[in-house]
Amino acid sequence: SSEFKIQISNRRVKGKYPFGDFSDITKDMSLTFLNCIFENGFKISDRVLKKLSFENCKIFEESEFTKGTMIDELNFVDDTEIEKLRVDESAHFEFWLLKKVKILDRISIHKSPIKSISFEDVIVANGISISETSIGKFYFINCILGHVNFYDVRINTLLVRNLPLETSIHIEESTPENLSIDNFNGFLRLTNSTKEIQSLVARNQRNTQANLRFSNLKIKKISFEDFGDTNELSLIKVKAGSQDSVMHFENCYFSKSKIYDCDFENFKDCKIINGDLSEIKTAGNVKWPKNINSDNSSDRSEVYRQLKKLMIAQNDKIHAIEFHRKEMKAYK
């Protein structure tokens with residue numbers, strides 16, 4: 001059946017049920033609220049819609065999506081302001097976009113699967129809580145979020161890009177299969193992942209002030225590019241995942257980095273190009289990759305020299321001798 005479109009403009013809506021006038025809503029309907037004011041927020045349950053949009057709306061009090069709600073495309077855009085938003089009890093969205101939106105309090109998402117969600121140019125005053133659900137793609141781009149907490153969440157792809165110092169993201173007992181960090185400021189902690197992480201990528205971090213902490217993780221691919229010494233990095237009990245695990249560092253400087261009880265020995269493809277590893281602080285049992293892959297022997301020898309220097313600083317004479325031997329071999 002064809003899509004049925006309704007637009008409601010310049011209306012002041014009272015009560016929690018904005019669909020009161022539309023008892024015949026069907027799954028093929030697209031409904032847009034434009035320049036509307038919701039005095040009491042809204043509560044949407046047991047509704048199936050193709051598309052629901054709020055454009056330049058003011059939504060006061062708490063608003064809710066609850067059980068039985070299924071929406072293919074949900075949009076909050078164009079300077080919409082929402083006081084407080086809650087998604088709970090198995091509400092389901094295919095695609096959810098928040099763009100140029102202010103959340104005056106907070107957002108909570110609980111037990112509600114979402115295939116794709118994107119926050120772009122969003123301000124959230126009191127943070128975001130996501131728990132016990134699954135999300136396909138989750139993008140935070142150019143946002144001011146405060147504290148974001150993921151607990152027991154399955155995520156295929158998580159992207160954080162252009163976020164400020166005030167950001168604090170905690171990911172616990174959750175698995176982002178692919179985590180991408182791009183020009184990120186603020187604090188991010190990922191701990192106790194329930195599954196192997198396919199890729200952990202950080203780029204464009206040359207002049208940022210990030211504090212990144214990763215602990216108790218298995219990672220198939222870890223790749224850092226342009227990572228400056230204005231950032232802090234902590235790796236605790238991190239090790240290679242599958243047998244073809246990859247470690248790539250390019251133009252990275254780790255003077256504020258700490259590594260504790262990590263096993264990098266099984267990263268088979270290890271490339272380290274430019275940068276400096278020699279000032280990393282280590283503790284416990286840290287195992288480094290056995291071999292550095294590079295087409296340039298001087299690159300390999302420089303990396304082994306830095307690792308030798310690092311071992312000397314840690315009073316690890318055995319590994320210092322081993323890396324010295326590899327340094328000399330790379331010169332030949």
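This report describes the overall fold, strand pairing, cavities and selected residues of a predicted model.

## Basis of the model

The model is predicted: local features need pLDDT of at least 70, side-chain atom pairs count only at pLDDT 80 or more, and totals for chains, interfaces and linings use all residues. Residues are numbered from 1 along each chain as its sequence is written, and side-chain values use heavy atoms, with hydrogens and water left out.

## Overall architecture

The protein chain contains two helices and 24 strands. Helices (H or I, at least four residues) and strands (E, at least two) are DSSP runs, numbered from the N terminus. Along the principal axes, the C-alpha atoms fill a box of roughly 80 × 35 × 30 Å.

Of the 332 residues in the protein chain, 48% count as buried. Buried means under 20% relative accessible area, exposed over 50%, and partly exposed in between, with a 1.4 Å probe and protein chains only. Among contacts (heavy atoms within 4.5 Å) between residues at least 6 apart in sequence, 27% join residues at least 24 apart.

## Strand pairing around strand 20

Strand 20 (residues 232-240) runs parallel to strand 18 (residues 210-219), and eight bridges join them. Two strands pair if DSSP finds at least two bridges between them. Within this pairing, Val238 of strand 20 stands opposite Leu217.

Strand 20 also pairs with strand 22 (residues 257-260), again in the parallel sense, over four bridges. Here Leu235 has Ile259 of strand 22 as its bridge partner.

## Cavities

The whole structure holds two cavities of 30 Å³ or more. On a 1 Å grid over the protein atoms alone, a cavity is a set of points where a 1.4 Å probe fits but cannot get out, and lining residues have an atom within 4 Å of a point. Grid points are joined across faces, edges and corners, and a volume is the space filled by probe spheres set on the points.

Two or more residues come from each of strand 7 (58-65) and strand 8 (70-87), and strand 7 gives the most, with three residues. Three of the lining residues are nonpolar, none is polar and three are charged.

## Two serines in loops

Ser112 is located in the loop between strand 10 (107-110) and strand 11 (114-124). Ser112 counts as buried because its relative accessibility is 0%. Its side chain reaches the backbone oxygen of His110 at 3.1 Å. Beyond its neighbours within four places in sequence, Ser112 is in contact with Val87, Asp88, Glu89, Ser90, Ala91, Thr133 and Ser134.

Ser242 occupies the loop between strand 20 and strand 21 (246-252). With a relative accessible area of 23%, Ser242 is partly exposed. The side chains of Ser242 and Asp244 are joined by a polar contact of 2.8 Å. A polar contact is a pair of N or O atoms within 3.5 Å; within protein, one must be able to donate a hydrogen and the other to accept it, and residues adjacent in sequence count only if both atoms are side-chain atoms. Not counting residues up to four places away in sequence, Ser242 touches Glu196 and Lys220.

## Positive phi values

Most residues other than glycine have a negative phi. Asn35 has a positive phi, near 55°, and lies in the loop between strand 3 (29-34) and strand 4 (37-38). Its relative accessible area of 30% makes Asn35 partly exposed.

Asn216 likewise has a positive phi near 55°, but its place is in strand 18. Asn216 counts as partly exposed, at 37% relative accessibility.

Key:
1 Å grid on protein atoms, 1.4 Å probe; cavity = no way out; pocket = protein on both sides within 12 Å on 5 of 7 lines; lining within 4 Å. Nonpolar A, V, L, I, M, F, W, Y, C, P; charged D, E, K, R; others polar.
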